[in-house]
Amino acid sequence: MEAKDNTLLLDLIRDKAEVKSVKAGCWRGECGLCTVLLDGKPVKSCLVLGVEANGRDVKTAEGLAPEGQLARIQQLFVEKGAMQCGFCTPSFVLTAYYFLQINPNPTEREIREFLSGHICRCGTYKQMIEAILEYAKELKQEEEIPLPLPPRKKKQKNQARSD
Amino acid sequence: MSFGSPYLTLPDFQYLRPTSLQDALQLLDEHKDDAKIMAGGVGLLAFMKERLVSPSYVVDIKGISELGKIQDDGAKGAVIGAAASLSQLLDWPPLKERYKALHDCVWELSDPVLRNRSTLLGDLCEALPFVDSPTPLMIFDAEVEAASVKGRRQIPVSDFIKGLAETALEPNEMAVAVHLKPPPENSNSLFLKHTSNSEFSIVNAAALCANPSRPEARVVRFAYGALAATPTLVREVEGIFQSKGSISQLMDEAVAAIKRSAEPMTDVLAKAEYRAHMLEILAVRALTKLLKE
């Protein structure tokens, strides 16, 4: 993928890779809707240059499960009603997915702290927290924590990669 | 952070990613003010979107490994590299043990996602009044290590911010690390931040205290920021608490000295009178907490 130096990662993903689940909200890193996982860690892509993702792994919400399926965290968001307009949902799902990897047994307070830079204007925080706590409970019951899913080999609806 | 983003795109620039500090300093010497250093880019990219800065060259320092380190400095001070993220800093145990005021400040500086990108020196170099990091750094006698092709020098944080968005760095210099002195033995410190409805400080304060009940070994330091374009370390306070007298008396003297040193500004966040008032309240709170509890 080719782009000018001054292209934001957000624009690279939305315009060049045409992955539209990543949203542009505030353009200044306050709302969190542009969150993607860069090498597995969440970043706000409106404050990352596209060129910084060169040769690195970028995961968006479509990449959490094979085509046509939903990852468990996504299913739980649906079950708990953790969305109204759905605009912020892909970013919150990615953030939740990452958070449970570093803190598989969180308290509600820890979840709220981790999501403190992330805004949902419809206000479905309560349901999101329920979904996350439910997922944490399920993870405890499994013998091992499910590994991140392998990257798709087919071209790029799920993951944006810039070379 | 920014007050509004009328532009959704960045101005044109060339992205450079040197792999050694020497290369970065060469680039700075070549381009001077036309090059800007990017660590996390959280401040830089936001300002560029508003066209407050439009450098022709952006020099990404994240590829320079020596700048990403946080470690003990001489006799258990600390040195924090320019490219070390706030997450790295918060994960460094000595921060909370030795430099609690700085820890409390950094904790609120960035949200848990931006923390992976934001850096302490990035905050400091913004040199805007509501930037919180200078205040706790000053009570630990911190110095910024500045480097250029000509060599290195140390700039005390209390002299680092010259005015609105102006640092003491020369156009071909960059800040490579901030050095904190070892805290006095048995010291406690804290950081207070007063805002109203936003993340921008109206007044902030940091205080340190060691051995409150022993005048001969007592060390008390106080600094504040966000009151005006430059933050202030109230040096008088340290001398006041080395003299004899009851704690209440000394505290009154110290608060008076702090008030005298203040030249509060009026801006969109708050009026000068309000800032002066809140400074007094924060001073009393900070000193009371450290000396009387």
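**Figure 1. The two domains of chain A in the predicted model.** Chain A is divided into domain 1, which covers residues 9-63, and domain 2, which covers residues 72-141, and the structure shown here and in the other views is a predicted model. Between the C-alpha centres of domain 1 of chain A and domain 2 of chain A there is a distance of 19 Å.

**Figure 2. The contact between domain 1 and domain 2 of chain A.** Where these two domains meet, 14 residues of domain 1 of chain A are in contact with 11 residues of domain 2 of chain A. On the side of domain 1 of chain A that touches domain 2 of chain A, the elements that give two or more residues are strand E1 (35-38) and strand E2 (41-44) of chain A. Of these elements, E1(A) provides the largest share, which amounts to three residues. Sorted by class, this side of domain 1 of chain A has eight nonpolar residues, together with four polar and two charged residues.

**Figure 3. The hairpin of E1(A) and E2(A).** The strands E1(A) and E2(A) run antiparallel and are joined by four bridges. Within this pairing, Val36(A) has Val43(A), a residue of E2(A), as its bridge partner. The hairpin has two residues between the strands, and Asp39(A) takes a positive phi near 50° in it.

**Figure 4. Chain A as a whole.** In chain A there are five helices and four strands, and their order, read along the sequence, follows the pattern α-β-β-β-α-α-α-α-β. Chain A has 163 residues, of which 43% count as buried. When the contacts in chain A between residues at least 6 apart in sequence are considered, 64% of them join residues that are at least 24 apart.

**Figure 5. The contact between chain B and chain A.** This view turns to the place where the two chains meet, to which chain B gives 20 residues and chain A gives 20 residues. On the side of chain B that touches chain A, the elements that give two or more residues are strand E1 (14-16) and helix H2 (42-49) of chain B. The largest share of this side, four residues, comes from H2(B). By class, the side of chain B that touches chain A is made up of 11 nonpolar residues, five polar residues and four charged residues.

Conventions. Residues are numbered from 1 along each chain as its sequence is written. Chains are lettered from A and ligands numbered from 1 in the order in which they are written. This is a predicted model: local features need pLDDT of at least 70, side-chain atom pairs count only at pLDDT 80 or more; totals for chains, interfaces and linings use all residues. Two residues are in contact if their C-beta atoms, placed from the backbone, lie within 7 Å. Ala, Val, Leu, Ile, Met, Phe, Trp, Tyr, Cys and Pro count as nonpolar, Asp, Glu, Lys and Arg as charged, and the others, Gly among them, as polar. Domain bounds come from an automatic or database domain assignment. Two strands pair if DSSP finds at least two bridges between them. A residue is buried if 20 or more other C-beta atoms lie within 10 Å of its own, exposed if 12 or fewer, and partly exposed in between; C-beta atoms are placed from the backbone.
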